[in-house]
Amino acid sequence: MEKSFVKDYLYPTLMHPDYSYLFQDQFTFRATGSSTAALIYLLHTLTDLFQTHDYVHVIALDFSKAFDSVRHHSLVSKLSNFTLPDYLHKVNNLSSRQHQTKLDGSVSSILPINASIIQGSTLGPVEYVLTASDLHPTSLSNLLCKYADDTYLLVPASNSPAIPQEIQHITNWATTNNLKLNHSKSQEMIVHLQRRRKHFAYPTAIPDIVRVVKMNILGIIVSDTLTFHHHISTLVAKSARSLCALKTIRAHGLS
């Protein structure tokens, strides 16, 4: 029933002409979305911004246990904003859910799940996308790229002073939805072209957010000059370790 609900009603809502603009920056749990599409969007947007800016802030935002803490009331309220058949609003997939933990033969008591999108459910992932549909930058010059709860804020050089306001806006949104923006796990990278480094001074660092020269974006390590040598070096090192293990096994006469 959940699969039918998602296929027949929620997926079409993401593509509906009246709502599709809300999901243009979201690249997961939709027919045209993927991590590859998100990476292409990021690289294309950055390259485009370099036409008029010396550098761009890429801020990777970390929401602590985002899937586990979404407030049910907020989620149901947002679902009511979309044009869905009335009887579907009465199907409350969030109620009567319970959790029990088993470890080494010991079993905990059964407790109700009073928050989260119910991980493991078919509806959960798409419902998180709907939850994040109203998270947008305060400035039209700034951009967001979302892959489920992996959220990247892109701010061009001319808008650097607006970053504290954007971070506060995102923090307020998270609080409203019972989420927490984890500053200690968030990162900022100043992306620029190598030849332009001498032409600008690095902007002031964002308080409580560490600045890095390379960033893992959806599994791909990207440098601050939009090169991938860190990622290639990591892959080569992993391959070398695997080959070393295979040679050791072979030296001991094993297949």
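**Helix crossing, sheet and a buried histidine**

Helices α4 and α6 sit roughly perpendicular to each other, since angles of 65 to 115 degrees count as such. In this predicted model, the axis of α4 (residues 72-79) comes within 9 Å of the axis of α6 (residues 124-131), and the two cross at roughly 80°. On the α4 side, the contact is made by L75, K78 and L79, while α6 brings in E127, L130 and T131. Sorted by class, that makes three nonpolar, one polar and two charged residues.

Next comes the sheet. Five strands line up as β6-β7-β1-β8-β9 in an open sheet with mixed pairing. The edges are taken by β6 (143-147) and β9 (210-212); each has a single partner strand, so one side of each is left without a neighbour in the sheet. On average, neighbouring strands are turned by 25° against each other, direction ignored. E188 has R211 of β9 as its bridge partner.

Helix α2 (residues 35-49) lies across several of these strands, namely β1 (55-61), β6, β7 (150-156) and β8. Relative to β6, α2 runs at about 165°.

Finally, there is H231, found in helix α8 (residues 229-251). Its relative accessibility is 16%, so H231 counts as buried, the cut-off being under 20%. Leaving aside residues up to four places away in sequence, H231 touches G219, I220 and I221.

Key. Residues numbered from 1 in each chain as written. Predicted model: local features only at pLDDT ≥ 70, side-chain atom pairs only at ≥ 80, totals over all residues. Heavy atoms only, no water. Helix = DSSP H or I, 4+ residues; strand = E, 2+ residues; numbered from the N terminus. Buried < 20%, exposed > 50% of the residue type's maximum accessible area, 1.4 Å probe, protein only. Contact = heavy atoms within 4.5 Å. Axes fitted to C-alpha atoms, helices over the stretch in contact; angles between N-to-C directions. Parallel < 35°, antiparallel > 145°, perpendicular 65-115°, else oblique. Nonpolar A, V, L, I, M, F, W, Y, C, P; charged D, E, K, R; others polar. Pairing = 2+ DSSP bridges.
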